[in-house]
Amino acid sequence: MSERKVLNKYYPPDFDPAKIPKLKLPKDRQYVVRLMAPFNMRCKTCGEYIYKGKKFNARKETVMNELYMGLPIFRFYIKCTRCLAEITFKTDPENTDYAMEHGATRNFQAEKLLEEEEKKITKDREEEELNNPMKVLENRTRDSKMEMEVLENLQELKELNQRQASVDFEGMLGTYKELEQRTKEQEKEEDERETREMLERALVKRLRDSDSDSDQESSSRPKKPSTDRPTDILTTDRLTDPQGLSVGGVKKAKVESWERSVGGLGGGGVLGTLVVRKKPVTSVPKPGTTVNPAGSNTQTVSKAAATVLMEATKPITAQNGSSSLSLLGTYSDSDDSNNSE
């Protein structure tokens, strides 16, 4: 498969290139080429406009007996896109352009005509100055005079515009400079203000952070546990003033844990006045005799204490069916037994 891509062919030893027959083709033969219209043109037959850059399948041939400095000139044949009339043009290496032959007219191009006119004038002037030195001096004088006239006309136009416009260019420049300076000052003031605001915000943030840190330190410090408990009222000695109001209290030095929750009934506290301890009676008095209150061993319950005791024992009497005195005596007996133990 790679043999079809080789560039060097095998020539046998007995190869003679003179024996190869040459094709006798005419020099003015034509080739089909693809090209674009080199300029704008208009067909003479139908008046169709053909613009520069339109593509055609053209026939190309070499112009016989025409050379420019040894370069051949080529002719192209195209057809109108509307009426299919034949249009021909050829190369122009002298002007690096194309020249129209027949079938169409080239559209007007002012720039091209101006260039051609300038080239013609320059060529004629060079021919005149070549053999006539006085003509050279006249041309130079005329050129200098023309330049002076052009400068004078330009100056007059400037003065006329200044009188009509009545514009103070110096004042405009001064105003622009003042405006620019004022803008720079405003920008500088804004930068300083923003810098101050940033510093103030940073300072406030730092103060807030320091305050929050101090609050955290104070909150993180362990609080001293309070030794007061709600049940300590049962083990506290309170004094009452003559009107019955409590005044202050003094805690005992040492209180047991069970006394804090239940309280001591036998002590001198608040509940101690509600219970009366009874002692066994040694002798029962006769009905007709009087008993000396000072010699009796029994203790009487005060009126306030008896009222409180009766109120406290009413629900128990309703449930158990026993009297409050029997309950009081039972509690007193159990208390005495505990004391004896």
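Which residues does Cys 46 touch, not counting residues up to four places away in sequence? In this predicted model, the answer is Cys 80, Arg 82 and Cys 83. Let's see where these contacts sit.

## The annotated cysteines

UniProt, in an unreviewed entry, gives the feature "binding site" at Cys 43, Cys 46, Cys 80 and Cys 83. These four span 41 residues in sequence, yet no two of their C-alpha atoms are more than 8.8 Å apart, so they gather at one spot.

Cys 46 belongs to the loop that links strand S2 (41-43) and strand S3 (49-50). Its relative accessibility is 26%, so Cys 46 counts as partly exposed.

Cys 80 sits in the loop between S5 and S6. With a relative accessible area of 1%, Cys 80 is buried, because buried means under 20%. Leaving aside residues up to four places away in sequence, Cys 80 touches Cys 43, Cys 46, Glu 48, Ile 50, Ala 85 and Ile 87.

## The sheet

Now to the strands. Five of them make up an open sheet, in the order S1-S4-S5-S6-S7, with antiparallel pairing. Strand S1 (31-36) and strand S7 (97-102) are at the edges with a single partner strand each, so one side of each has no neighbour in the sheet. From one strand to the next, the twist averages 40°.

The strands on either side of the Cys 80 loop are partners too: S5 (residues 71-79) and S6 (residues 86-92) run antiparallel and are joined by five bridges. As an example to look up in the structure, Tyr 77 has Thr 88 in S6 as its bridge partner.

Note on methods: Residues are numbered from 1 along each chain as its sequence is written. This is a predicted model: local features need pLDDT of at least 70, side-chain atom pairs count only at pLDDT 80 or more; totals for chains, interfaces and linings use all residues. Side-chain values use heavy atoms; hydrogens and water are left out. Two strands pair if DSSP finds at least two bridges between them. Helices (H or I, at least four residues) and strands (E, at least two) are DSSP runs, numbered from the N terminus. Axes are lines fitted to C-alpha atoms, for helices over the stretch in contact, and angles run from 0 to 180 degrees between N-to-C directions. UniProt positions are given in the numbering used here, feature names are shortened, and annotations may be inferred rather than shown by experiment. Buried means under 20% relative accessible area, exposed over 50%, partly exposed in between (1.4 Å probe, protein chains only). Contact means heavy atoms within 4.5 Å.
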